[in-house]
Amino acid sequence: MGKKREERDMGTFFDGVIEAMPVFAKELVAGGVAGGIAKTVVAPLERVKILFQTRKAEFQSIGLFGSFKKIARTEGVMGFYRGNGASVARIVPYAALHYMTYEQYRRWIILAFPDVGRGPVLDLVAGSFSGGTAVLFTYPLDLVRTKLAYQVVGSSNLNAQSVLTNGKVYKGILDCFSKTRNEGGIRGLYRGVGLLGQTFTYPLDVVRRQMQVQRHLASNSAEIKGTIETLVMIAEKQGWKQLFSGLSINYLKVVPSVAIGFTVYDMMKSYLSVPSRDEAVIEVVSSTSSSEPTSLHS
């Protein structure tokens with residue numbers, strides 16, 4: 001009886017905590033959980049995609065299933081999740097900020113422009129602002145994820161001399177952060193972020209990945225190339241097809257990733273009792289109106 005009572009009291013406590021949370025905090029939690037689960041489910045495909053983009057000779061030549069077999073043989077099951085810790089550490093705050101700021105920007109736009117239509121243009125504007133906000137705060141974790149995912153056990157193409165002299169083998173997320181910051185300062189943590197907002201143009205995503213791991217590539221020596229130079233280098237030395245490397249994997253993972261993300265987000269919103277978008281706007285308008293002082297007329 002005592003144990004059941006404790007469980008009931010604990011449940012009542014958590015219900016009270018959830019009830020007391022403001023809407024934006026509930027949306028942060030719902031978005032973070034949705035992003036983390038969705039990213040973990042498609043992590044094996046994401047790992048292979050990054051290797052396709054950055055290690056053409058080793059992985060692209062053997063195809064998707066060959067790459068899966070190679071990773072399983074050389075690194076085991078956990079090899080499919082190399083860099084996923086950094087990925088989840090990035091995607092949880094990214095998704096939380098993305099979902100929450102989308103809802104917030106949408107409300108602010110509606111409040112500022114009451115006559116605006118509730119259509120795709122509103123969603124596009126709110127989504128654009130929310131995406132930029134989330135990227136600004138979480139991009140360094142994407143950089144770290146790529147560097148960790150690039151490392152392959154037993155790889156013959158990793159520049160051994162560079163590793164020995166510059167310490168480019170990263171032991172984990174914090175080690176990668178520290179070394180990247182020591183190499184390039186704060187700007188080094190945002191290398192390639194001029195490109196991130198344009199990843200709908202897939203070749204630029206490939207350029208971004210290769211820019212993030214340039215210091216590892218034996219062919220580049222100590223030279224660090226810019227966006228255009230990297231784009232030209234890939235086209236000349238690796239062929240224009242490399243600019244679309246991993247695109248098919250992107251198609252494979254985007255559907256389950258988006259579907260899982262939105263499903264979990266809606267389930268979390270329901271569990272946390274988050275009001276619908278229009279109800280939330282009405283609540284904001286009502287609270288704003290009630291907080292305004294009423295004028296007294298003689």
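The model is predicted, so local features need pLDDT of at least 70 and side-chain atom pairs count only at pLDDT 80 or more, while totals for chains, interfaces and linings use all residues. Residues are numbered from 1 along each chain as its sequence is written, and side-chain values use heavy atoms, with hydrogens and water left out.

**Overall fold**

- The protein chain has 14 helices and zero strands; helices (H or I, at least four residues) and strands (E, at least two) are DSSP runs, numbered from the N terminus.
- Of the 298 residues in the protein chain, 42% are buried; buried means under 20% relative accessible area, exposed over 50%, and partly exposed in between (1.4 Å probe, protein chains only).
- Among contacts between residues at least 6 apart in sequence, 73% join residues at least 24 apart; a contact means heavy atoms within 4.5 Å.
- The protein chain exposes about 16,300 Å², and carbon and sulfur atoms supply 64% of this area; accessible areas come from the Shrake-Rupley method with a 1.4 Å probe, and for residues only the protein chains shown count as cover.

**Nonpolar cores**

- The largest nonpolar core has 10 residues, among them Ile18, Ala34, Tyr99, Val264 and Tyr265; such a core is a set of buried Ala, Val, Leu, Ile, Met, Phe, Trp, Tyr and Cys residues joined through side-chain atoms within 4.5 Å.
- Helix H2 (23–41), H6 and H13 each supply at least two residues of this core, and H13 gives the largest share, three residues.
- A second, separate core has eight residues, including Leu51, Phe52, Phe59 and Ile249.
- Ala34, a member of the largest nonpolar core, touches Tyr99, Gly261, Val264 and Tyr265, not counting residues up to four places away in sequence.

- Lys49 is found in helix H3 and is buried, with a relative accessible area of 3%.
- Leaving aside neighbours within four places in sequence, Lys49 is in contact with Tyr202, Asp205, Arg209, Gly246, Ile249, Asn250 and Lys253.
- Gln242 is found in the loop between helix H12 (227–238) and H13, and is buried, with a relative accessible area of 1%.
- Gln242 and Thr54 are 188 residues apart along the chain, and their C-alpha atoms are separated by 9.1 Å.

**A loop residue with positive phi**

- Most residues other than glycine have a negative phi.
- Ser273 is not a glycine, yet has a positive phi of about 60°.
- Ser273 lies in the loop between helix H13 (247–271) and helix H14 (277–291).

**The largest cavity**

- A search of the whole structure finds one cavity of 30 Å³ or more; on a 1 Å grid over the protein atoms alone, a cavity is a set of points where a 1.4 Å probe fits but cannot get out.
- The largest cavity holds about 70 Å³ of space; grid points are joined across faces, edges and corners, and a volume is the space filled by probe spheres set on the points.
- The lining has 13 residues, and Ala43, Glu46, Arg47, Arg82 and Asn84 lie nearest the centre of the cavity; lining residues have an atom within 4 Å of a point.
- Helix H3 (43–54), helix H6 (84–112) and helix H7 (120–150) each supply at least two residues of the lining, and H3 gives the most, with four residues.

Note on methods
1 Å grid on protein atoms, 1.4 Å probe; cavity = no way out; pocket = protein on both sides within 12 Å on 5 of 7 lines; lining within 4 Å.
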